[in-house]
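Keep the sequence and the 3D view open as you read.

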Amino acid sequence: ELKNDREVVLAAVRQNGDLLEYASAEMRNDREVVLAAVRQNGYALQWASDELKADREVVVEALKDDGDVLEFASNELIADREFILEAVKENGWALKWISDELRADREVVMEAVKTGDALYYASDKLKNDREFVLAAVAQNGEALGNASEALRNDKEVVLAAVAQNG
């Protein structure tokens with residue numbers, strides 16, 4: 001009975017987002033309840049209704065906690081380039097869960113690199129693209145560690161990474 005009591009469920013998920021797992025299906029489909037849960041713990045997204053796993057705002061809120069929560073987002077969102085651009089701006093590690101096509105997209109990967117060393121999940125083609133890697137290390141020097149071996153040994157690329165890390 002309490003699993004369907006909105007006041008009780010809201011209070012619980014504000015303290016521990018994972019408690020959404022024990023809420024009723026109706027509460028897992030309540031946008032306010034799910035937003036409260038994912039703001040407390042992004043991984044609570046896994047317990048949300050399918051409808052809310054396709055809700056851009058809910059997923060972006062969850063991504064603020066951890067990029068890996070993109071695993072739980074709807075397939076439609078994961079395939080949506082514009083959404084993915086928004087997602088990787090929140091958390092570059094979201095690249096891990098997107099299509100190979102989007103991992104090869106220069107703009108998507110560059111946005112991801114700006115928020116962390118997400119070059120790890122980029123396509124091999126981009127990891128070996130000198131111009132792209134130079135731009136990436138200029139944004140985040142740590143990206144050098146995930147460039148191709150040839151570029152990790154390229155003096156200009158290394159110097160650009162060192163200069164960025166200051």
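Arginine 81 is partly exposed, with a relative accessible area of 27%; on this scale buried means under 20% relative accessible area, exposed over 50% and partly exposed in between, with a 1.4 Å probe and protein chains only. Its salt-bridge partner is glutamate 82, with the closest N and O atoms 3.4 Å apart. Glutamate 82 counts as exposed, at 51% relative accessibility. A salt bridge here is a side-chain nitrogen of Lys or Arg within 4 Å of a carboxyl oxygen of Asp or Glu.

A word on the background: this is a predicted model, in which local features need pLDDT of at least 70 and side-chain atom pairs count only at pLDDT 80 or more, while totals for chains, interfaces and linings use all residues. Residues are numbered from 1 along each chain as its sequence is written, and side-chain values use heavy atoms, with hydrogens and water left out.

**Salt bridges**

How many salt bridges does a search of the whole structure find? The search gives 18. Among them are these:

| Side chains | N to O distance |
|---|---|
| aspartate 55 and arginine 31 | 2.8 Å |
| glutamate 82 and arginine 81 | 3.4 Å |
| lysine 96 and aspartate 68 | 3.8 Å |

Take the pair of lysine 96 and aspartate 68, whose side chains meet in a salt bridge. This pair links distant parts of the chain, 28 residues apart: lysine 96 sits in the loop between helix H7 (81-90) and helix H8 (100-103), and aspartate 68 in the loop between H5 and helix H6 (75-79). Helices are DSSP runs (H or I, at least four residues), numbered from the N terminus. In space, the C-alpha atoms of aspartate 68 and lysine 96 are 7.3 Å apart. Lysine 96 is partly exposed, with a relative accessible area of 29%, and aspartate 68 also counts as partly exposed, at 22%.

Which residues does aspartate 68 touch, leaving aside its neighbours within four places in sequence? It is in contact with Tyr43, Lys96 and Trp97, where contact means heavy atoms within 4.5 Å. With the side chain of tryptophan 97, the side chain of aspartate 68 makes a polar contact of 3.0 Å. A polar contact is a pair of N or O atoms within 3.5 Å; within protein, one must be able to donate a hydrogen and the other to accept it, and residues adjacent in sequence count only if both atoms are side-chain atoms.

Now look at aspartate 55 and arginine 31, whose side chains meet in a salt bridge. Here too the pair links distant parts of the chain, 24 residues apart: aspartate 55 lies in the loop between helix H4 (50-53) and helix H5 (56-63), and arginine 31 in helix H3 (residues 31-40). Is aspartate 55 buried or exposed? At 16% relative accessibility, aspartate 55 counts as buried, whereas arginine 31 counts as partly exposed at 33%. Both belong to a network of salt bridges that links Arg31, Arg39, Asp55, Glu57, Glu61 and Lys64.

**Around helix H1**

Valine 9 has its place in helix H1 and is buried, with a relative accessible area of 6%. Beyond its neighbours within four places in sequence, valine 9 is in contact with Leu2, Lys3, Ala23, Met27 and Val33.

Serine 24 lies in the loop between helix H1 (6-15) and helix H2 (25-28). Serine 24 is buried as well, with a relative accessible area of 16%. Its side chain and that of asparagine 4 are joined by a polar contact of 2.6 Å.

**Helix H11 and what surrounds it**

Helix H11 spans residues 130-139, and in it Phe132, Val133, Leu134, Ala136 and Val137 are buried. What covers these buried residues includes helix H9 (106-114), helix H10 (124-127), helix H12 (149-152) and helix H13 (155-165). At the start of H11, a side-chain oxygen of aspartate 129 reaches to within 3.1 Å of the backbone nitrogen of glutamate 131.

Where do H9 and H11 meet? Arg106, Val109, Met110, Val113 and Lys114 in H9 meet Glu131, Phe132, Ala135, Ala136 and Gln139 in H11. The axes of H9 and H11 come within 9 Å and cross at roughly 25 degrees; axes are lines fitted to C-alpha atoms, for helices over the stretch in contact, and angles run from 0 to 180 degrees between N-to-C directions. That makes H9 roughly parallel to H11, a label for angles under 35 degrees.

Technical notes. Helix = DSSP H or I, 4+ residues; strand = E, 2+ residues; numbered from the N terminus. Parallel < 35°, antiparallel > 145°, perpendicular 65-115°, else oblique.
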